[in-house]
Amino acid sequence: MTGSDSGWSEKTSGADVSKLSKLAKFPVGVSVAYGNEAFSYTNSPAQQAVIKTHFSQLTAGNIMKMSYLHPDRDTYNFTQADDFVKFAKDNGKTLHAHTLIWHSDYQVPAFMKNYQGDKAAWLAMLKTHVQTIATHFSGKVASWDVVNEAINDGGGYRNSLFYQKTGADYIEQAFINARAVDQKADLYYNDYNIEADAAKLRTLTGMLDGFRARSVPITGVGFQMHIYMDYPSVSTISAAFKQAVDRNLKVKITELDIPINNPFSPPYQAGDIKRELTPALAQAQKKRYCEVVKAYMDTVPANLRGGVTVWGVSDPSSWLISDLFKNAHADWPLLFDGAYRQKPAMRGVADGLSGKACI
């Protein structure tokens with residue numbers, strides 16, 4: 001971290017937030033790394049203190065994904081996830097489980113990539129996958145991202161391995177199969193950029209309307225919300241939330257982060273890269289976090305608020321550093337710095353939850 005940290009914390013953050021989750025009647029969550037992963041909570045008492053103090057719900061960054069839980073056709077490995085469940089329970093946290101089906105190459109088990117069978121066989125294999133995992137965690141998790149990122153940027157269904165083998169049927173079957181073995185967990189469809197990409201949102205709403213017509217048991221929509229300081233607009237975000245609300249579905253912000261730099265913006269591409277978190281930038285980020293949370297509070301009625309989760313605890317741990325910025329420079333997308341000190345962004349979330357003005 002840069003020397004500017006002390007500058008923003010002294011000049012812009014104001015009084016620290018005492019307990020963030022106390023400001024909401026819905027889950028306020030955070031994703032965490034586990035075990036041997038970089039920035040694992042298991043290796044950091046300071047991180048654990050932040051988690052225990054401020055968040056009421058936890059999401060595993062990786063260890064509840066497909067390849068971790070189901071590495072081979074007849075092999076399931078729940079050891080790490082069970083330990084994580086115990087940590088959450090021991091500390092009075094609920095769990096949002098992520099995720100039963102996801103296309104990403106590194107998370108699709110090798111046996112699935114090599115699986116031979118027709119559509120019916122594929123749907124049967126995925127049914128066993130979903131139901132074995134959902135059964136194991138039934139009563140232990142509050143909610144699931146049942147299917148993650150099944151829609152293309154620009155609209156239409158993603159041409160994933162699952163889509164190639166089953167068409168879109170695997171999506172609704174996953175919800176049906178999960179509900180059959182877990183009657184209580186909230187079941188979400190989760191995706192990114194559905195708050196900004198109009199065509200992607202249209203595909204989503206079409207899918208949701210089809211689900212409703214066929215009585216597919218979906219509880220809500222997870223909006224990942226990997227957004228930027230300048231994009232999308234708050235009105236665009238609110239309008240997307242309303243599409244779910246109008247269908248009487250819960251809205252959950254599942255993976256919120258707001259980097260200072262936007263690599264897709266013309267200034268960045270012209271070389272204007274922010275390399276330290278100045279007081280002015282920290283204040284602007286505080287306002288942006290506040291406005292996003294306020295949009296959520298204003299647009300989503302209380303009975304449909306599934307919760308707000310930030311994707312990571314401390315700035316250096318953010319996936320954006322390596323995946324978005326290719327380790328070319330630092331960024332500061334989260335609520336805590338590398339020493340687990342609150343940033344102004346934390347106060348922004350608190351103000352948004354509390355109905356205070358976003359300044």
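This is a predicted model: local features need pLDDT of at least 70, side-chain atom pairs count only at pLDDT 80 or more; totals for chains, interfaces and linings use all residues.
As a reminder, strands of a sheet pair through backbone hydrogen bonds, either parallel or antiparallel.

Strand β1 covers residues 28-32 and strand β2 covers residues 57-60; the two run parallel and are joined by four bridges. To find one of these spots, pick out Val30, whose bridge partner in β2 is Leu58.

Next, the packing. The largest nonpolar core has 94 residues. Leu20, Met64, Phe137, Trp144, Val147, Phe175 and Leu256 have the most contacts inside this core. Which helix gives the most to the core? That is α6, with six residues.

A search of the whole structure finds one cavity of 30 Å³ or more. Both α6 (119-137) and α8 (169-181) supply at least two residues each to the lining of the largest cavity. The residues along that lining are Ile101, Leu123, Leu126, Lys127, Val130, Tyr170, Gln173, Ala174 and Asn177.

The largest pocket has 40 lining residues, and His226, Trp311, Trp319, Leu320 and Asp323 are the ones nearest its centre. The elements giving two or more residues to this lining are β1, β3 (94-102) and α13 (319-323). Among the elements, α13 gives the most, with four residues.

Here are the two spaces side by side:

| Space | Volume | Lining residues by type |
|---|---|---|
| Largest cavity | about 40 Å³ | six nonpolar, two polar, one charged |
| Largest pocket | about 1,100 Å³ | 19 nonpolar, 14 polar, seven charged |

One more helix deserves a visit. Is α14, residues 344-354, mostly covered or mostly open? It is mostly covered, with ten of its eleven residues buried. The buried residues are Pro344, Ala345, Met346, Arg347, Gly348, Val349, Ala350, Asp351, Gly352 and Leu353. Just after α14, Gly355 takes a positive phi of about 80 degrees.

Terms used. Residues are numbered from 1 along each chain as its sequence is written. Side-chain values use heavy atoms; hydrogens and water are left out. On a 1 Å grid over the protein atoms alone, a cavity is a set of points where a 1.4 Å probe fits but cannot get out, and a pocket is an open set with protein on both sides within 12 Å along at least five of seven lines; lining residues have an atom within 4 Å of a point. Grid points are joined across faces, edges and corners, and a volume is the space filled by probe spheres set on the points. Ala, Val, Leu, Ile, Met, Phe, Trp, Tyr, Cys and Pro count as nonpolar, Asp, Glu, Lys and Arg as charged, and the others, Gly among them, as polar. A nonpolar core is a set of buried Ala, Val, Leu, Ile, Met, Phe, Trp, Tyr and Cys residues joined through side-chain atoms within 4.5 Å. Buried means under 20% relative accessible area, exposed over 50%, partly exposed in between (1.4 Å probe, protein chains only). Two strands pair if DSSP finds at least two bridges between them.
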